[in-house]
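Keep the sequence and the model side by side.

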Amino acid sequence: MSYTVKRVSPSQISTFRRCAARWWWQYPQGIKPPPSPAAKLGSDVHKVLEDYQQHGTPPDLTTEAGQIAAVAVPYISPGDPLVQIERSFQMASGCGPILIGRIDVLRTGSARLDIRDWKTTSDFRYCRTEAELTADPQAVIYSASQEGKHGEERIEFQHFYLRTKPPYKERLVSVEMDRDTIRKGLDGVRDTIGQMQQAASATEPNGLESLDACNDFGGCPHRQRCALKGIQSMGPVSGLFAAGATGAKSMNGIDDFFAAIGGAKKPEPQNYTPGHKLPTEGVSAAPQLINPPDGVAQTEPLTLADVQEMEQKPESKAKLLIFDGRETKQIKAAEMAEIHGVYLSGIQAAGQLASYKQISTWDRESQKRKDLKPDLELMISLLPDDWKPTPQRAEEDQPQASDLAGLAQRTAGTATPAPAPAVQTPPAPVAQPVEPQAGADSLVLYIDCTPGAGAVHLEDWPTFRRLCQQAADAKGVGYYAALPYREGERMVADGLARLLADGRADLPAELVMITRGREGERAHLLEVLRPVAHRVVIGVMG
C-alpha cells in the first residue's frame, strides 16, 4: 500500500531526522509499538499537571506521578484566564502536508507570548541546551503556529523538565524565538518533509537507517525488523536474523559466533539523503539527542558497554537523604514524627508553606499511618539539597513545631489541633546565601505581623521598589509581578542579594513582609532577608 504524508507533527520530524528507518516502520508501515514504562509515566505526570492547571486538582502524593508533578505546583496558577491548556492547532507547511501539534501551556495577555511544554527526564544532563532548543522542530512549529495571533512582541518557548528520580526537582530551559529563527527553522522543516515524502514510497528500510540511533530511549523497538532486512542494527548478532531471510552466509558453530562478536567492526552511521549516500569514511558523527514524542521520558542513547554493565549489576535507585546523612528508609518509626516536625519547621522558614499545603495530604492521623514518610520525602524535595535545620534559639518569637503542626492540621480540616512531639534539632551549620552587611545586625524582620508605627512595609521600602521597577524595565513589562512563573520575583530577590553583599541595600530598622495568600511570591525574598535579620518575628495565622 502506498503512503501519503498528509499530517506532520514535530515528533515525526524529530524521529525522521534521527532515523528515517524508524519513521518508515512507524508511519508508512503502520507498526506502532506499545508505550514503554517511561512513556507511560510521562503521560501520567502530564495528566496530573493538566488536572491541576485546569481544575485545581492537587497531585495525589500516593502515586509516583503525583510526587514528580508536585514540584511544578508553585509555577502553576490554576484557573488563570490568560492561560490556555492543551491548545491544538494545524497550519499550512508551504509544501503540501499540514503541520499539527498540541501546546501544553499557552500564556497570552502581555508583550511576551509564553509557550511551555512539559518534559520528564531521569537526569537533567539530558535536557536540551538553549542552542539546541532554538533549532528544535517543536519550538519552531509551535512558535510559528501562534506568531502574530495574540498581539505579542516576543515569543518565548520553554521546556519545563521534571526529574523522575527522587529527590524530585524541576528545571526550565527557555529561548526567545524571533522571526528570523522561526523562518529558518520552517525552511528546514519543509526540507525534511520533502525527504519524508520520498522515503514514504520506499519498499524497504535499507538505506534509510541511522545505526547511531538504535539504542535511543532504551532501544529501538524496530531493531529486530531491521535485522531481518539485513541491516546491522544489532551489531554482529543481526546476522542470526538475516541469514535465513536473505540467504546470507550462516555461522558454523559457536566458535564462529564468538569470533564474529570479537572481530566485527561497527559500521559508521550513514545519514539519509534522497538519491545518494554521504561519505562516512573518516567522519566521526557525534551522537545527537532528540525530543521523544510527547509524554516520553528522555534518555541518552545506550552503548554496548552500558548494556553489558546493566546486565552485570542491578540498577540502584538514587538515595533520598535527610539532613544528618541518613536515608529516609533508615529512620525508625519512633523518630519519624520528630524528623517530620523538623522539616515542617524548615518548610515554614524557607517560605514554602503555601506550596506545601497545596499538595500535602498530611494531617494529625498521619503520625500513625504509612503516609508520613512520603510526606517527609515531599518536603525534602521542596527544600535545597544542602538544607540543614537551624539550631533552636531561646526567643519567644521563634516558631515552634507545635504551632506549625497546628497550622497544617487546620489547613487539612482537622477540628482540634494536637501538639506535636518536642523537636530537638541537632546543631548544624546553616549555609547563608549572603553575608550580613554592616549595620544589618539591627534589622528586625516581621513576617505576617507588624509592631505598629515606625516599621517599613516591604512595598514602601525604596530599595525594593527600585528593584521592582528595574526588573520590569529589563523585561519590558509594566510591573515585575506581571512576568509569568514568578520570574520577576526571582529577579528582584537576586538583585537584593547583590545589594546586600555589597552593603548598598539601605536596610530599615524594622521591615514588615506580609505573605498571607502569596507565600510562593515571597519565598525567594525570604531566603535573602532572613539570614541578614538580627531578629525574626513570625505571626502564626489560623
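At roughly what angle do the axes of helix H12 and H14 cross, and within what distance do they come? This is a predicted model, in which local features need pLDDT of at least 70 and side-chain atom pairs count only at pLDDT 80 or more, while totals for chains, interfaces and linings use all residues. Residues are numbered from 1 along each chain as its sequence is written, and side-chain values use heavy atoms, with hydrogens and water left out.

The axes of helix H12 (residues 333-349) and H14 cross at roughly 30° and come within 10 Å. Helices here are DSSP runs of H or I with at least four residues, strands are runs of E with at least two, and both are numbered from the N terminus. Axes are lines fitted to C-alpha atoms, for helices over the stretch in contact, and angles run from 0 to 180 degrees between N-to-C directions. H12 and H14 are therefore roughly parallel to each other. The cut-offs are under 35 degrees for roughly parallel, over 145 for roughly antiparallel and 65 to 115 for roughly perpendicular, with the rest oblique. H12 passes H14 in a left-handed crossing. Left-handed means that the near helix is turned anticlockwise from the far one by less than a right angle, and right-handed means clockwise.

Stay with H14, which spans residues 372-382. This helix is mostly covered, with nine of its 11 residues buried. Buried means under 20% relative accessible area, exposed means over 50%, and partly exposed lies in between (1.4 Å probe, protein chains only). Among the buried residues of H14 are Leu372, Leu376, Met379 and Ile380. Asp375 and Glu377 are also buried.

Helix H1 (residues 10-18) packs against helix H6 (residues 137-146) at an angle of about 150°, with the axes 8 Å apart. That makes H1 roughly antiparallel to H6. The crossing of H1 and H6 is right-handed.

Charged side chains come next. Side chains of opposite charge can pair when their charged atoms come close. A salt bridge is a side-chain nitrogen of Lys or Arg within 4 Å of a carboxyl oxygen of Asp or Glu. By this rule the count comes to 22 salt bridges. One of the links is between Arg112 and Asp114, at 2.9 Å from N to O. Arg112 counts as buried because its relative accessibility is 6%. Asp114 is buried too, with a relative accessible area of 1%. Asp117 and Lys119 form a salt bridge, with their closest N and O atoms 3.2 Å apart. Both Asp117 and Lys119 are buried.

The salt bridge of Glu132 with Arg128 has its closest N and O atoms 4.0 Å apart. Glu132 is partly exposed, at 36% relative accessible area, whereas Arg128 counts as buried at 13%. A network of salt bridges links Arg18, Asp212 and Asp216.

Which side chain of opposite charge is nearest to Arg116? Arg116 lies in strand S4 (residues 112-121). Arg116 is buried yet has no salt bridge, and the nearest side chain of opposite charge, Glu156, is 7.2 Å away. Lys and Arg count as positive, Asp and Glu as negative, and His and the chain ends are not counted. The side chain of Arg116 does make a polar contact of 3.0 Å with that of Gln158.

How values were computed:
Polar contact = N/O pair within 3.5 Å; in protein donor to acceptor, adjacent residues only side chain to side chain.
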